[in-house]
Amino acid sequence: MQEDLMPRVSEAELNRRLRALRERVAASGAQAAVLTSSVSIFYFTNLSFITTERPVVVIVPVDGEPFAVLPSVEMGHAEYRNSRWGGVVKRFEYYFDYPGEVHVANFIADAIAGSGLRHVMGEPLGPKGAYGYSGPPLQELLAKRGVKWTDMGDLVAEMRLTKSQEELSLIEESGRWASRAIDKAMELMAPGRWDWEVSLEASLEVSREMNSRYSPYVPLRGTVGWVVGFRGQVGEFSAYPHALVAERPMREGDVIGIGSGPEVGGYFAELERTLVLGTPSREVREYFDKMLKVRQAAIESLRPGARASDVDRAMRTRARELGVEGLLRHHSGHGLGLEEHEPPFLDVGNGQELRPGMVVTIEPGLYVPGLGGFRHSDTFVITEDGARRLTSYPEDIDELTVRR
């Protein structure tokens, strides 16, 4: 990991990934990889752009240097980011805009065929959903130009499953800032305050600290903004695992969910805690204690060779023994790294084997209607002989009680 600027994956690490990609592509008989996913592109290049209906494509020849095809809104910007953060893309070609008088997919197909490639392995072209990309399938346009297409499937996702030491360092750094952010938010919490104002103030203060530390703080895949927040998990609203907003300010006695994991070099940790504002009731203490016991069952199941389902099954068994299985609303955890949710998913229905280098959260929760939600989340990496925690913060209810 490079240290002279904002922490990030090094050019040497990017080149290692590209070599591994080329080996896999060559083994399939193809001559190049065609990357269209913004996450895949970042993984191999450290380049990230605002994703719209305009497709961005990076082509990685087995024998040759990577080149990119982008909309002209990125002209100059792409070269700047490449020289500052990655340096592995050697050529940039631009089309004017989407969809174009002649659809941009034709421009991309021409760029691939014009490079002498006759067999490529790739991801589907164009972001889907809100931005509304549509167009002729790239594989059909390539076929008309004499280029064979093989779908890449889960090749990149499989490469991303186990993290390198550089990736782990970035995730741990995110976790350290997450701890600082929760500290700051707890200092600002008080009855009568809204969750969003505490979140905004704490995020501003910690962002300033990060900016001072890194001179400047530069998220590689987003913008400076949210660092810590509650996502509406205040009082009775915290009984909804994915609450969006709390419709009232904080009150004495509230169970409150808080989480943080700011981006560092494109990567995220996840650190969440259940807080209590004011003196915890006996009922709150009982559910808090049972949450810790259910969570511990999942933690103790983390080891190489175990199945993702084993972890979730152990958690569910403990919840059943404690009489709280009916208060579960989700599985034990999920993978993370470049994305805040990615494989492996710690679910009873997932038989995937856990391997050293995989990074997962442990976050089973108990959700009591009308009272609140009880969930801690920490980030772990599977090691050769067990698992190592990448985030650190107090877990005991008395240390997580905010008294004003």
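Mentor: A polar contact is a pair of N or O atoms within 3.5 Å; within protein, one must be able to donate a hydrogen and the other to accept it, and residues adjacent in sequence count only if both atoms are side-chain atoms. The model is predicted: local features need pLDDT of at least 70, side-chain atom pairs count only at pLDDT 80 or more, and totals for chains, interfaces and linings use all residues. Residues are numbered from 1 along each chain as its sequence is written, and side-chain values use heavy atoms, with hydrogens and water left out.

Trainee: With which side chain does the side chain of E166 make a polar contact?

Mentor: E166 lies in helix 7; helices (H or I, at least four residues) and strands (E, at least two) are DSSP runs, numbered from the N terminus. E166 has a relative accessible area of 16% and is therefore buried (buried means under 20% relative accessible area, exposed over 50%, partly exposed in between, with a 1.4 Å probe and protein chains only). At 2.8 Å, the partner of the E166 side chain is the side chain of S10.

Trainee: Why is helix 2 described as largely enclosed by the rest of the structure?

Mentor: The buried residues of helix 2 include V39, F42 and F44. They pack against helix 1, strand 1, strand 2, helix 3, helix 6 and helix 7, where contact means heavy atoms within 4.5 Å. Helix 2 (residues 38-45) is largely enclosed because the number of its 8 residues that are buried is 7.

Trainee: Which residue caps the N-terminal end of helix 2?

Mentor: Just after helix 2, N46 takes a positive phi of about 65°. At the N-terminal end, a side-chain oxygen lies 3.2 Å from the backbone nitrogen of V39, and the capping residue is S37.

Trainee: Which residue places its backbone oxygen 2.8 Å from a polar atom of the side chain of H103?

Mentor: H103 lies in the loop between strand 4 and helix 4, and its relative accessibility of 16% is why H103 counts as buried. Not counting residues up to four places away in sequence, H103 touches Y98, Y133, S134, G135 and P136. The backbone oxygen in question belongs to S134.

Trainee: Is F345 buried, partly exposed or exposed?

Mentor: F345 lies in strand 11 (residues 342-346). Residues up to four places away in sequence aside, F345 touches A308, H331, G333, H334 and N350. Because its relative accessibility is 31%, F345 counts as partly exposed.

Trainee: Which element supplies the largest share of the lining of the largest pocket?

Mentor: On a 1 Å grid over the protein atoms alone, a pocket is an open set of points where a 1.4 Å probe fits, with protein on both sides within 12 Å along at least five of seven lines; lining residues have an atom within 4 Å of a point. The largest pocket holds about 820 Å³ of space, and among its 39 lining residues W226, R231, E270, E272 and E340 are the closest to its centre. Helix 8 and strand 8 each supply at least two lining residues. The largest share, 4 residues, comes from strand 8.

Trainee: Which element gives the most to the lining of the second largest pocket?

Mentor: Of the 19 residues that line the second largest pocket, D154, V156, A157, E158 and R160 are the closest to its centre. Two or more lining residues come from each of helix 2, helix 6 and strand 11. The element that gives the most, with 4 residues, is helix 6.

Definitions and conventions
Grid points are joined across faces, edges and corners, and a volume is the space filled by probe spheres set on the points.
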